[in-house]
Amino acid sequence: MYSKEDTIVTLQPFLKKELLKLNSVCKDQADIFEMVYKEAFSKGYVSENFLTKIKEREASFPTGLQIGDYSVAIPHTDPEHVFEQFISVVTLQKPVSFYLMDDNTKKVDVRIVLLLGLNQPHTQLTVLQELMQTIQDQQKIEQLLQAENQRNVQAIFNGVEKISTKGEK
């Protein structure tokens, strides 16, 4: 029998330093997707179709979220386009519009994009739960926006893991 602690997925292995893009200048979603795709494709993390598929999925199933004073987007695509799992954290100098996940007629200005490259269905739910824990914490969102390097970003997500395992032994 597994304890709850055994099912915790640590986010650290998903945070590829080359896909942590801080204080980026992007004019729109396409710029963000292309920036992440180029790096992920060059490392062999995604298929050639990844860019097209993530744009298509975002158009059909928007990923913008308004949480408190902040807005975040969590774009992703189908698992067959991902060879090695990752989370790309993109912080933006100026916001980019995304349609809201819960109302695709409304847009929200986003400064944090958590682009997911996941190919294991059982991992996706746990990763999303951990990410939601982060983005629901206004202080962590502020820390992400102020992060100056990859180590800062990894420390923010490491804090989430510590919280999630606390008191579950």
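Predicted model: local features only at pLDDT ≥ 70, side-chain atom pairs only at ≥ 80, totals over all residues.

Trainee: How are the planes of Phe33 and Phe98 arranged, edge-to-face or stacked?

Mentor: They form an edge-to-face aromatic pair, 6.3 Å centre to centre with 75° between the planes. Phe33 belongs to helix 1 and Phe98 to strand 4, so the pair ties together parts that lie 65 residues apart in sequence.

Trainee: And how many aromatic pairs does the structure hold?

Mentor: There are 4. Ring pairs also link Tyr45, Phe50 and Phe86 into a cluster, and Lys16 lies over the face of Tyr45, 5.6 Å from the ring centre.

Trainee: Switching topic: which residues have the most contacts inside the largest nonpolar core?

Mentor: Those are Ile87, Val89, Leu114, Leu131, Ile135, Val153 and Phe157, in a core of 25 residues. Among the elements that each supply at least two of its residues are strand 4, strand 5 and helix 4. Another core, of 24 residues, lies apart from it and includes Val46 and Leu92.

Trainee: What does Val153 touch, leaving out residues up to four places away in sequence?

Mentor: Leu20, Leu22, Val89, Leu144 and Ala147.

Trainee: Which residues of helix 4 are buried?

Mentor: Lys140, Ile141 and Leu144 are. They span an arc of only 105° around the axis, which puts them on the same side of helix 4. Gln139 and Gln146, on the other side, are exposed.

Trainee: What caps the N-terminal end of helix 4?

Mentor: Asp137 does, with a side-chain oxygen 2.9 Å from the backbone nitrogen of Gln139.

Note on methods. Residues numbered from 1 in each chain as written. Heavy atoms only, no water. Core = buried A, V, L, I, M, F, W, Y, C linked by side-chain atoms within 4.5 Å. Buried < 20%, exposed > 50% of the residue type's maximum accessible area, 1.4 Å probe, protein only. Helix = DSSP H or I, 4+ residues; strand = E, 2+ residues; numbered from the N terminus. Contact = heavy atoms within 4.5 Å. Arc of directions from axis to C-beta. Polar contact = N/O pair within 3.5 Å; in protein donor to acceptor, adjacent residues only side chain to side chain. Phe/Tyr/Trp six-rings, centres within 6.5 Å; stacked < 30°, edge-to-face > 60°. Lys NZ or Arg CZ within 6 Å of the ring centre and 35° of its normal.
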